[in-house]
Amino acid sequence: MIKLSLGQADKAGLPPGTPIHIGEIKADSVQISALDYNEDQVDFRPRIEAMECRLLAARPETVTWVNIDGLHQVDILQKVGQCFQLHPLTLEDILNTNQRPKLDIYDDYIYLVLKMPGLNLETGGFWFEQVSFIVSGTQLITFQEKAGDTFDAVRNRIKDGRGRIRKMGTDYLLYVLVDSVVDHYFVMLEKVGEQIEEMEMELVEKPEPSTMRKINFLKREMIMMRKSVWPLREVISSLQRDGVPFIGDSIRFYLKDLYDHTIQVIETVEIYRDMISGMLDIYLSSISNRMNEVMKVLTIYAAIFVPLTLISGIYGMNFNTASSPFNMPELNWYFGYPSALGLMVLIGVIMLVIFKKKGWF
Amino acid sequence: MIKLSLGQADKAGLPPGTPIHIGEIKADSVQISALDYNEDQVDFRPRIEAMECRLLAARPETVTWVNIDGLHQVDILQKVGQCFQLHPLTLEDILNTNQRPKLDIYDDYIYLVLKMPGLNLETGGFWFEQVSFIVSGTQLITFQEKAGDTFDAVRNRIKDGRGRIRKMGTDYLLYVLVDSVVDHYFVMLEKVGEQIEEMEMELVEKPEPSTMRKINFLKREMIMMRKSVWPLREVISSLQRDGVPFIGDSIRFYLKDLYDHTIQVIETVEIYRDMISGMLDIYLSSISNRMNEVMKVLTIYAAIFVPLTLISGIYGMNFNTASSPFNMPELNWYFGYPSALGLMVLIGVIMLVIFKKKGWF
Amino acid sequence: MIKLSLGQADKAGLPPGTPIHIGEIKADSVQISALDYNEDQVDFRPRIEAMECRLLAARPETVTWVNIDGLHQVDILQKVGQCFQLHPLTLEDILNTNQRPKLDIYDDYIYLVLKMPGLNLETGGFWFEQVSFIVSGTQLITFQEKAGDTFDAVRNRIKDGRGRIRKMGTDYLLYVLVDSVVDHYFVMLEKVGEQIEEMEMELVEKPEPSTMRKINFLKREMIMMRKSVWPLREVISSLQRDGVPFIGDSIRFYLKDLYDHTIQVIETVEIYRDMISGMLDIYLSSISNRMNEVMKVLTIYAAIFVPLTLISGIYGMNFNTASSPFNMPELNWYFGYPSALGLMVLIGVIMLVIFKKKGWF
Amino acid sequence: MIKLSLGQADKAGLPPGTPIHIGEIKADSVQISALDYNEDQVDFRPRIEAMECRLLAARPETVTWVNIDGLHQVDILQKVGQCFQLHPLTLEDILNTNQRPKLDIYDDYIYLVLKMPGLNLETGGFWFEQVSFIVSGTQLITFQEKAGDTFDAVRNRIKDGRGRIRKMGTDYLLYVLVDSVVDHYFVMLEKVGEQIEEMEMELVEKPEPSTMRKINFLKREMIMMRKSVWPLREVISSLQRDGVPFIGDSIRFYLKDLYDHTIQVIETVEIYRDMISGMLDIYLSSISNRMNEVMKVLTIYAAIFVPLTLISGIYGMNFNTASSPFNMPELNWYFGYPSALGLMVLIGVIMLVIFKKKGWF
Amino acid sequence: MIKLSLGQADKAGLPPGTPIHIGEIKADSVQISALDYNEDQVDFRPRIEAMECRLLAARPETVTWVNIDGLHQVDILQKVGQCFQLHPLTLEDILNTNQRPKLDIYDDYIYLVLKMPGLNLETGGFWFEQVSFIVSGTQLITFQEKAGDTFDAVRNRIKDGRGRIRKMGTDYLLYVLVDSVVDHYFVMLEKVGEQIEEMEMELVEKPEPSTMRKINFLKREMIMMRKSVWPLREVISSLQRDGVPFIGDSIRFYLKDLYDHTIQVIETVEIYRDMISGMLDIYLSSISNRMNEVMKVLTIYAAIFVPLTLISGIYGMNFNTASSPFNMPELNWYFGYPSALGLMVLIGVIMLVIFKKKGWF
């Protein structure tokens, strides 16, 4: 069962801009790491205090990437917010994990929030982790709900100096990180694709009432997926538009490529939805078909045995054979009983032939 | 049952701009309260006469918030309307509680009308209360159908001077009030979410004909919800546009945030609609499945007992055993009866095995 | 049954602009009335000749409202057309009662055509009457298919000088008349609402095959309703746009209000459509449920009586008790018959308990 | 069965602009007629050679309408194309009768292609004939797949000098011809309307499996109709736009009127589609209802006769009345047999009453 | 079963712009051919090395068409990419065969990627081959997944100098090649059309559970088809827009024609989808109809034989005829037995007549 824990309702009555954490707590404690680099040097600090941010904030000659894992310790996040002079509404949005993917352009930074899908191993369904990005000229701050390894590959690439990443600015870093989020969608969709294929096998081989629930589960998963990728498309489309601050012209092609990938994710989600609704049709028609089969068995039984039973009933009648030569003379025939049995077999065979011809079995 | 009491029909034939109250009377009497504040001072009058409005209307140095509860005493509301120089059409719209959420921009003020959802404890369904806002440079007038506590939290915040509200103008006050209305939608949606979860339990455990009606009830609730949130989105979107008078640039981010919340409400409504239609599919397929079960029971019974009955019928025939050695010699066999019973048991067991293999039970 | 009598087909082959009457004849004869007014005076002539129009056409200092009831006497209408110098296509459109609501802007006037709904008392369905408006600076001409009382209220208001109508121009008059048409939609929708409620009662209490047809009838009514209100919305929206001649800026708010009403009509129609399709689902599921009930009754009967019949069949067999002690010794038992009956009752009770536990009744 | 003979496939591999005829051959030979007129004179030549076109092409003072019936003789059509200096792609499009309705603006002429519906008397379905128009300042060339009488009315009107047609240019002639095509759609839709009404009668009176196929046939007809009218709307809408060469401002109103007619055709098609899908619902529910009826008959039979059969079975048991006073003493009662029959009748009547009360018959 | 092998997932974690081959390997080795031509000369080299590209790249006076078959040897393709100075993202896109059709405009070239459909002879379904085009002023490079004969017709036309192709530039060559891809869609759709017709025959003659799966297969084929043609439309539409570099004004009409063909492909796909969903309805209703038939057979059997069995049961009762004149005197009647049989026949005939009248068989 997918919970749509809005949480939002708990905020009713509080003044806007109040920073409170909404959502599940997915990490033990808030962890802040910083990565400071340019083409010549790299400086990685895996664990810093919120207070140290202030120092990082003032280094124009390098790209500074601050990553925060865990969102539930509001006081620490408020300090981070002050450090980088975030608007109260931005902080509120970062903490509210029911955010819809969106792009907000502030005077000093742009704020981007996305959903990263993950697989819930227990239910086979998805969860979505919220990832927030604050991008300014020389800084990029990422907020994740829990420590994860999605961004590690990028971090290592920066440390190793592979690719062009060390030569580029925060906009390219943003692109690379968002690209790794979008790649995660492909990983998840591949899992869904496998589930759909399994389901189809099940549908063909042995559809059961539980199949219906599984189909509905998949359908709902796709609804949730859809809910998070459509606004993702909008966000990336907005990034592409002219005049977004801190996004350079040099990454235009990269953003277009990213946009194409998002469209591909959306199309796959839509195709899966179509497929799932096709499975529903197959399931429902298979129920009807099975009912037909059951009915046929019943009807064949009835059609064969009911006439035979009548015959046995007739010769079980107690008409007095002595009182009239017309009263059941068969009972006294020499081959009376075999004839009766023979008649029964004959009728049974005729019935079977008729139903066979009708193609009922 | 949800009543779509248009009421509008009663107005057919009346000249436009005639102020008449359309809708249920939800309050005993019209109550007017006024709250007058700026950064330094607060003056709250819980109960004033319509006539006193004139005095309030002429205080440019403070923000004046006049709240009217109850709409059915047309004469009092007309006085209020005259006080604040409202257009006849505005007054007509305020009194007509079947208004669609909308934003009207007049020369001297902007007029906003929204629907606030509430829970009907008897039916488990929603009612919608109409809330109107008149905003000008220093005044904000709110019209509610009945006294409620939704705006109390805001009122207290103003009195206590918490947050930034006392430093801001009528536009921020408008934002805060509309925000509290939107928060109410989240509260209601959480209730619907619970109902959907309960319904799904019911569907899995014991679907009944009444389930269908409950699903339809939920579906309809969502139709009504939808009817009030889609135009709400339009209204907030219009507020954000440039050039709306009395709406300052400083609350631009707040309105964007509000807009995002509305989108989230809409998305949740749409997802609930999808879920409800999924429940319908499950329900219908569960009826078919149960029919299948019933049919199987019937068929198994028939398939087992009908042949046995035939056997008993055969040995109940009255062929004269004396007239021929072929006539039912079994009747005189030493183990005739046990053999017949044994044959019956054998056939029954074979049938059971066949159906078991077919997976029918 | 709703007739979609296009009629248009009869015109195939005729040159465009040929004025012929298409549609049912709903009035006995064409009647022309004229109302001439300004703030100071009113002059009402209930019955004038087509020729007199020429005189009316030349009075710039008053608002002149000419109303024509009945469209089938083409020659009279041609005279009226000449009087007011109408374009041949306008006249053709006025006479063709299968017109789609639209707004045409000509150099000398604007032409508006709407559909006014009415209740067909025989079938319980709707009919739509076509109402055309020709508006120029000082004249407004209305064409109706038959004499009706919809516009009487407006006429009386003008005569009595109530409201602002006498102070305003033809644009306000147009607004008031269109408003009264839109109000008619609310009246009709209220009727539909009642029909929907009745239908739902019927659905809950006693759904029958005829219910399906009634639902379909309602559905179709809504299709027709929809066909006439969607273009109505377009028409009113076009009227609101800048630059429509003869429509003054002073009635901008009134037109916006009118537009809001039209949107409300449309929304109600759409909600009714959703409700009706929900009723269809309920109806179809109720058929399935009833089938389930019937099947259960049958199965319970079979499951109880078939085994009992077998028992009675067994003890009706004619094995020779004399030939062997194993042959049906029960027949000679002292309590043989009561035991057999007891066994039957026992089996019956056990079956009943099983089905009761299964929740089948 | 509707054939979607694309034909296009046969062209795969040929260079673009190759003029080959695609589609059925519907005429015996290509026939060219010419009509040359202005306000003062008319010159009609019912049969001319392709070569003569050159002469016609050079007469600026008259409107020249050349009509070609039959498209399969490619060489003749190529000569015509050369005469009027048509672009190779235009000629290719004229010859390919699977064209989608469209408007192409070339430097020297505009090219318009439409579909004209006709009734296939054998299948009761439609066929669509392709009609192409080439319009320049003083010439209009029409290409039809076969000789038909659709344009005869227009031709006669020109010859007789009725209406304004002789005073107007090629644009008005184009309008009149397209108008006559659109009128044909109304004629066809009226036929469909009749078929729908017949179908509804059939549905109410005696739905059969073949009904389903007929409904599907109608549905498909509407799909085809739709395919040809939606682009027709686009074409006429494009014609209305400013800046289309050879289309004068004086026929603006006529084109708007034509556009309105097309919208009406589209709306009728959409309404028919809705109606047809409503019929499908009725048909499916009527199948279910009939199944219910069949089931009820079966159940009533079973419920009445199965208990009676049990009773007869009981008194057919062979318990030895001699061995015990408890063994079937009824068999020796004076009124034993009548009592048993009476009991049967009683049970039967009770059952009938119960089912009657349940409303099963 | 259609595999949606995204493959994309394997790339998660890699830096953007990394050229890796994604998709099935469909060719043995990468083959490069070059065709160099202008109006006067043609030079075709069926097999060149990647290194030779450099020479070809520098010939402004001829049109150079380089075709690469096979995409899996990344090193060779990287060399080609360097030769023509392709952007890393372009190369990545060329190699990733899950690309969505798109048009990318770079400074030095335009990049176009399409899907070419083909028939999988084993499954009867489609596969889609990716075809990429790089177009600059004098060069056109095509990348195919495997050697195929689609472009051979074009190649021969160039060699033979047929048509205008030798006189035109790379833009016309692009048009001709894309046109041959679009023609392939028509070929495929014709195949689908045949499959639909076969299916309909099957539906009418003998619908089986497998029919449902075939319908679903077709439905899914259309989903895949749709997925590749909708973006194709966008691509060709973009090409038509002003300002696309390397696309001359002289091929504007050709592109419009191509666009029209694409629209026709899309419409056919949509119509096929509608048809397929209509087949689903027919199939489901045919299941219900057959169930009805089965039920009727059962009911007729029951209704005829059950009463007869009761009669035989009654005369099988053992009431003592000796103990009372009321006890089954029929048994001693002279015509007792024939009367009983006659009664049975009578009841059977009456039943048959009743069901005949009801139209059950």
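1. In this predicted model, the contact between chain C and chain D draws on 52 residues from chain C and 59 residues from chain D. On the chain C side, four elements each supply at least two residues: β4 (102–105), α6 (209–240), α7 (252–314) and α8 (336–357). Helix α7(C) gives the most to the side that touches chain D, with 18 residues.

2. As to composition, the residues of chain C on the side that touches chain D divide into 31 nonpolar, twelve polar and nine charged.

3. Chain C is superposed on chain D by a rotation of 72° with 0.1 Å of shift along its axis, and the RMSD is 0.1 Å. The two copies are thus related as by a five-fold rotation axis. Within chain C, C:G316 has the C-alpha nearest the axis, at 4.8 Å from it.

4. Do the copies meet through different surfaces or through the same ones, and why? Of the interface residues of chain C, only 17% are also interface residues in chain D, so the copies meet through different surfaces.

5. Another contact involves helix α7 of two further chains, D and E. Helix α7 (residues 252–314) of chain D packs against helix α7 (residues 252–314) of chain E at an angle of about 20°, and their axes are 9 Å apart. Angles under 35 degrees count as roughly parallel, and α7(D) and α7(E) are therefore roughly parallel to each other. Their crossing is left-handed. The residues of the contact of α7(D) with α7(E) comprise 22 nonpolar, eleven polar and three charged.

6. Turning to the sheet of chain A, seven strands form an open sheet with mixed pairing, in the order β2-β1-β3-β7-β6-β5-β4. At the edges of this sheet lie β2 (42–48) and β4 (102–105) of chain A, each of which pairs on one side only. On average, and with direction ignored, neighbouring strands of the sheet are turned by 15° against each other.

7. Strands of a sheet pair through backbone hydrogen bonds, either parallel or antiparallel. Strand β3 (residues 63–69) of chain A and strand β7 (residues 139–144) of chain A run parallel and are joined by six bridges. Which residue of β7(A) stands opposite A:N67? The residue is A:T142.

Methods
Residues are numbered from 1 along each chain as its sequence is written. Chains are lettered from A and ligands numbered from 1 in the order in which they are written. This is a predicted model: local features need pLDDT of at least 70, side-chain atom pairs count only at pLDDT 80 or more; totals for chains, interfaces and linings use all residues. Two residues are in contact if their C-beta atoms, placed from the backbone, lie within 7 Å. Ala, Val, Leu, Ile, Met, Phe, Trp, Tyr, Cys and Pro count as nonpolar, Asp, Glu, Lys and Arg as charged, and the others, Gly among them, as polar. Copies are superposed by least squares on the C-alpha atoms of residues with pLDDT of at least 70 in both. Two strands pair if DSSP finds at least two bridges between them. Axes are lines fitted to C-alpha atoms, for helices over the stretch in contact, and angles run from 0 to 180 degrees between N-to-C directions. Angles under 35 degrees count as roughly parallel, over 145 as roughly antiparallel, 65 to 115 as roughly perpendicular and the rest as oblique. A crossing is left-handed if the near helix is turned anticlockwise from the far one by less than a right angle, and right-handed if clockwise.
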